[in-house]
Amino acid sequence: LTNDYYMGKYEVTQALWQAVMGSNPSKFKGDYLPVEMVSWDDCQEFISKLISITGRKFRLPTEAEWEYAARGGKKSRGYQYSGSNSISDVAWYTDNCGSKTHPVGTKQANELGIYDMSGNVGEWCQDRYDSYVSSSQTNPIGAVNGPLRVFRGGSWLGYTRLCRSSCRCYGTPNWCKDNLGLRLVLSE
């Protein structure tokens with residue numbers, strides 16, 4: 001990655017979504033809970049409105065940006081989960097969540113001070129889903145064509161293997177679930 005970007009410290013909360021969109025689609029209600037039940041298409045509409053309000057260049061992260069941040073960037077200690085090899089330290093997942101989301105930032109942050117990248121809700125990425133190419137790439141942006149979009153990060157509904165920083169998932173752009181939300185990136 002050669003482009004500078006800022007990754008949101010927290011998943012987008014219901015309070016922020018409500019302030020921008022005027023509604024809250026989430027199943028689990030609470031201002032400081034991550035927004036969920038949002039499709040990739042919904043996220044694009046939210047980002048578009050946020051840009052018009054703020055004048056800033058917000059977007060979803062590319063899959064490469066997301067994974068780099070989840071792994072701790074240049075400060076990485078090589079953890080299996082974002083910030084620890086002990087999943088319970090950093091993630092709300094199926095074994096400890098009580099079948100619901102939790103307020104953002106209530107588990108330990110990773111090496112970059114970013115929270116909930118291994119659990120709570122999965123996070124939509126900008127990329128289309130396809131197999132990785134075998135050659136090295138600079139600033140990869142995923143597949144050029146295809147109907148599926150990537151989401152990363154495990155969730156309250158995920159088992160430990162689904163919460164690893166390396167785990168990839170995908171869905172159609174109109175698909176929404178109560179364990180799927182977003183995190184913003186700000187480009188300079």
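Me: At about what angle to β1 does helix α3 run?

Reply: The model is predicted, so local features need pLDDT of at least 70 and side-chain atom pairs count only at pLDDT 80 or more, while totals for chains, interfaces and linings use all residues. Residues are numbered from 1 along each chain as its sequence is written, and side-chain values use heavy atoms, without hydrogens and water. Helix α3 (residues 63–70) lies across β1, β2 and β7; helices (H or I, at least four residues) and strands (E, at least two) are DSSP runs numbered from the N terminus. With axes fitted as lines to C-alpha atoms, for helices over the stretch in contact (heavy atoms within 4.5 Å), and angles taken from 0 to 180 degrees between N-to-C directions, α3 runs to β1 at about 60 degrees.

Me: Which strands stand at the edges of the open sheet?

Reply: The sheet has three strands in the order β1-β7-β2, with antiparallel pairing; two strands pair if DSSP finds at least two bridges between them. An edge strand has a single partner, so one side of it is left without a neighbour in the sheet. That describes β1 (5–7) and β2 (57–59).

Me: Which residue in β7 is the bridge partner of Tyr-5?

Reply: β1 and β7 (residues 185–187) pair in the antiparallel sense over three bridges. The β7 partner of Tyr-5 is Ser-187.

Me: Against which helix do the buried residues of α1 pack?

Reply: In α1, Gln-14, Trp-17, Val-20 and Met-21 are buried. They cover an arc of only 135 degrees, which puts them on the same side of α1; the arc is that of the directions from the helix axis to the C-beta atoms. They pack against α2.

Me: With which side chain does that of Ser-155 make a polar contact?

Reply: Ser-155 is in the loop between β4 (149–152) and β5 (168–171), and at 5% relative accessibility it counts as buried. A polar contact is a pair of N or O atoms within 3.5 Å; within protein, one must be able to donate a hydrogen and the other to accept it, and residues adjacent in sequence count only if both atoms are side-chain atoms. At 3.0 Å, the partner is Asn-179.

How values were computed:
Buried < 20%, exposed > 50% of the residue type's maximum accessible area, 1.4 Å probe, protein only.
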